[in-house]
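Thanks for making the time this morning.

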Amino acid sequence: MKKIGLFYGTSTAKTATIAKKVKAAFGDAKIDIIPVEDAWKKDFEEFDNIIVGVSTWFDGELPNYWDEVKPELEALDMKGKKVAIFGLGDQKKYPENFIDGVGLLAKVFESGGAKIVGLTSTDGYKFEKSYALRDGKFLGLAIDFENQQGKTDERVKKWVEQLKKEFD
């Protein structure tokens, strides 16, 4: 498997926790962790397989650190790259924009030519709307740390097994 770049905001503890779980689930695979707060265009260009972690803030917005790097991402040529996204959200308090950050980032990466991998089922979630939906699936791994923490480890493990097949 090609080397993987894992990008996430280190200032959000829950996203950092999931990033560590994802890396651990890959076992011996070579994964470089790059804090998105410190990432530059060249950091994203270095990898053919990319994992990004994002929480959804307020009423469906990207966190500031992703907003700041977004212009650089929009200028990238992502053709031939595969991007997997995990997102954190609260389906009870924010059911109208559950994990919208995943959908917002997917749009940015796809506009540069990347292929989004790691789509997951919506089974087991209760929400009203999500910008992270396409054809009835999430555009990545949905984590609800507040309401379904007990399901997190199994969801991460299953998602990583899927990514091992989708990344080459």
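**Helix packing and pockets**

Helices α1 and α5 are oblique to each other, and since this is a predicted model, please take what follows as a description of computed coordinates. In general, two packed helices are described by the angle between their axes and the distance between the axes. For α1, which covers residues 13-25, and α5, the angle is about 50 degrees and the axes are 9 Å apart. An angle under 35 degrees would count as roughly parallel and one from 65 to 115 as roughly perpendicular, and α1 and α5 are therefore placed in the oblique class. The crossing of these two helices, α1 and α5, is right-handed.

How, then, do α3 and α4 cross, left-handed or right-handed? Helix α3, residues 64-74, passes helix α4 in a left-handed crossing. Their axes come within 9 Å and cross at roughly 20 degrees, with α4 spanning residues 100-111, and α3 and α4 are therefore roughly parallel to each other.

Rolling a probe the size of a water molecule over the atoms shows where empty space is left. The largest pocket has a volume of about 310 Å³, and of the 17 residues that line it, the closest to its centre are Thr56, Leu88, Gly89, Asp90 and Glu146. By residue class, the lining of this largest pocket divides into seven nonpolar, six polar and four charged residues.

The second largest pocket has a volume of about 270 Å³. Which residues line the second largest pocket? They are Leu119, Thr120, Ser121, Asp123, Tyr125, Leu141, Arg155, Lys158, Trp159 and Gln162. The elements that give two or more residues to this lining are strand β6, residues 120-121, and α5, residues 152-166. Of the elements, α5 gives the most, with four residues, and the lining as a whole divides into four nonpolar, three polar and three charged residues.

To bring the two parts of the talk together, α5 packs against α1 at an angle of about 50 degrees, and α5 also gives the most to the lining of the second largest pocket. I am happy to take questions from here.

Conventions
Residues are numbered from 1 along each chain as its sequence is written. This is a predicted model: local features need pLDDT of at least 70, side-chain atom pairs count only at pLDDT 80 or more; totals for chains, interfaces and linings use all residues. Side-chain values use heavy atoms; hydrogens and water are left out. On a 1 Å grid over the protein atoms alone, a cavity is a set of points where a 1.4 Å probe fits but cannot get out, and a pocket is an open set with protein on both sides within 12 Å along at least five of seven lines; lining residues have an atom within 4 Å of a point. Grid points are joined across faces, edges and corners, and a volume is the space filled by probe spheres set on the points. Ala, Val, Leu, Ile, Met, Phe, Trp, Tyr, Cys and Pro count as nonpolar, Asp, Glu, Lys and Arg as charged, and the others, Gly among them, as polar. Axes are lines fitted to C-alpha atoms, for helices over the stretch in contact, and angles run from 0 to 180 degrees between N-to-C directions. Angles under 35 degrees count as roughly parallel, over 145 as roughly antiparallel, 65 to 115 as roughly perpendicular and the rest as oblique. A crossing is left-handed if the near helix is turned anticlockwise from the far one by less than a right angle, and right-handed if clockwise.
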